Amino acid sequence: MNSLDLFILFSTLFGIVAYGVWKTRHSKGIEGYLKGDGTMKWGAIGLSVMATQASAITFISTPGQAYDSGMAFVQNYLGLPIALVIISAVFIPIYYKLKVFTAYEYLESRFDLKVRLLGAFLFLLQRGLAAGITIYAPAIIISTILDWNLTLTILLVGVLVIIYTYSGGTRAVSITQKHQMTVILIGMLAAFAMIVYYLSPYASFGEALSLAGALGKTEAIDLDFSFEKRYTVWSGLTGGLFLALSYFGTDQSQVQRYIGGKNITESRMGLMFNAVLKIPMQFLILLMGVMLYIFYVFYTPPLHFNEQTVAQIETSSKKDTFVEMKANFDQLLIDRKNAASNFVSKEGGEKALEEFKALDVKINENRDSFKNLVAEFDSSIKTKDSDYVFLTFILNYLPHGLIGLLIAVIFSAAMSSTSSELNSLASTTAIDFYKRVLNKNGSDKDFLKASKMLTLAWGVIAIIFAIIANNAENLIEAVNIIGSIFYGTILGIFLVAFFFKTVRGNAVFIAAILSEIIVLVCHTLNELEILNVSYLLYNVIGCGLTIILSLILQLFFKNEKI
Amino acid sequence: MDQEENKPPFLESWKNIYMLILGNLIFMVLLMYLFSKSFI
């Protein structure tokens, strides 16, 4: 990165933060701070919902995931439009009717105070933990690759987010997210265009897709009913539906984005905006990862994308094995490039394609051998390098200026999702605990002051958690696991509230606690390798158990009044 | 809630909007299926 990149990076970040603070400088009152005065139009809501979900991990890990495993991950999003339709039809009218600040307020009107506090507590627990990872995940990768100090990188993201979220609340979050999302979309489209441009001397876009298709990387839709496959249409439509329903419908970081709409139509249209655009956006990000794979067929990729790990092995006792492995790898790369060129020029025909596929398998075996070598040398070193693929391309191949813009994309994504998290954590603590339990007779001024202080406090907690976090092998998975442990139970409570009118507070409260304990036991047994349950199933287990146990327990609470 | 305020900006009713969204989902799945099959 040179001075032009740094100028673009910091002027983008500071510019958006300053704009957010300036635009919301006259905001006052609890309604304005937590709901943005109900002035938001559907475009701003739609971008805000999209920016909240799309964290930096999305833009760092997703291309790397497609680089490794192809496009199949897009199927995880197939349940999302259905979930958004359900939320628009069922959840939003209720939230508007009750004029709630948080989703959990509804639980008190439907059940009782203890169920509301339980829902709010589970949210605070999982979102509080996730907020730290949202800051830490991009910081560890950016600091490694740019050789920046990790703590300072975490502080840069954390402090900037606290400044505008503290100052302008929900409206500042939405205003900044609109601009952050614009930067993100421009940056990602520019990166995609550059990959296609760099490929053009070797292969057209269609030829690059044919090469990727030959390696099975363009398979976006899998209709197989097998449970062993991680991503299929069916797992996406069912598991993805559960995840999206709980995330968009009951997670305050999302609910707060759309209940602040000018009216119910604006909120609904904001969600429909995502129902239409989310899948194409994920498709394009994954396609970029696939094109990156083909890019590295014609341009030399490193044996391993984390340079720090390579440097450690180069100076270790494993150096000789590494040198031999690297020489073999480089020769295979030349052979694969020739085979690909022969296929593209139609000289080699099917034979060249078969040779290309066989060489690709050998290259990936070589990459795996290096990972094994790293594990042999020091088992504490993380061997997964897919999170470094996209950033390595940005730094090594993009022109200066664009590098700054793409790093700004990563920071913008981190800041947009973190600001929603801090905003929602503060709102839930202020409204569901402080206002409802601790200071029932406080004035609006008291609640505004408390909300601001809680934004600051949650920001500091997230920064501290990010600083002390250990390097998770797969960061996107770590966030999803934390979410899955709690989401199922929270969704179960809400589904009972919406669809099982005979169930009352005591039954659902006990059912939710029992379900959460069972999910936590499942997770512990999984960690101890006694059980082998996919973490995505925690959502189904938590939700299903909460509903079933509520219905059973309600039989014992027949005389309970609503 | 005001009925006018509840109306979608086009297609007359929310039911029609939802049908459009679900139709679009089926269309996207079909397109991605064709994409998957085109480059094998």
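**Figure 1. Helix H18 of chain A gives the most to a nonpolar surface patch, with six residues.** The view is taken from a predicted model. The patch covers about 910 Å², and the elements that give two or more residues to it are helix H8 (150-199) and helix H18 (444-468) of chain A. Its members include Leu152(A), Leu155(A), Val159(A), Tyr166(A), Met453(A), Leu456(A) and Val460(A). Ile464(A), Ile467(A) and Ile468(A) also belong to the patch. A further member of the patch is Ile163(A), a residue that lies in helix H8 of chain A.

**Figure 2. Chain A meets chain B through 30 residues of chain A and 22 residues of chain B.** Ile221(A), Thr265(A) and Met269(A) supply 21% of the area that chain A buries against chain B, more than any other three residues. Between them, the two chains bury about 2,300 Å². Carbon and sulfur atoms account for 80% of this buried area.

**Figure 3. Five residue pairs are in polar contact between chain A and chain B.** Both residues of each counted pair have pLDDT 80 or more.

**Figure 4. Three helices of chain A each give two or more residues to the side that touches chain B.** These elements are helix H5 (80-97), helix H9 (205-214) and helix H12 (264-298) of chain A. The largest share of this side, eleven residues, comes from H12(A). By residue class, the side of chain A that touches chain B divides into 21 nonpolar, seven polar and two charged residues.

**Figure 5. A salt bridge joins Asp251(A) and Arg127(A).** The closest N and O atoms of the pair are 2.7 Å apart. Asp251(A) is placed in the loop between helix H10 (233-250) and helix H11 (252-258) of chain A, whereas Arg127(A) is in helix H7 (residues 113-146) of chain A. The pair thus links distant parts of the chain, 124 residues apart. Over all chains, the structure holds 13 salt bridges.

Technical notes:
Residues numbered from 1 in each chain as written. Chains lettered and ligands numbered in written order. Predicted model: local features only at pLDDT ≥ 70, side-chain atom pairs only at ≥ 80, totals over all residues. Heavy atoms only, no water. Contact = heavy atoms within 4.5 Å. Buried area = accessible area lost by both parts, 1.4 Å probe. Polar contact = N/O pair within 3.5 Å; in protein donor to acceptor, adjacent residues only side chain to side chain. Helix = DSSP H or I, 4+ residues; strand = E, 2+ residues; numbered from the N terminus. Nonpolar A, V, L, I, M, F, W, Y, C, P; charged D, E, K, R; others polar. Patch = residues over 30% accessible without salt bridge, like charges linked within 9 Å, V, L, I, M, F, W, Y side chains within 5 Å. Areas by Shrake-Rupley, 256 points an atom, 1.4 Å probe, with all protein chains shown as cover. Salt bridge = Lys/Arg side-chain N within 4 Å of Asp/Glu carboxyl O.
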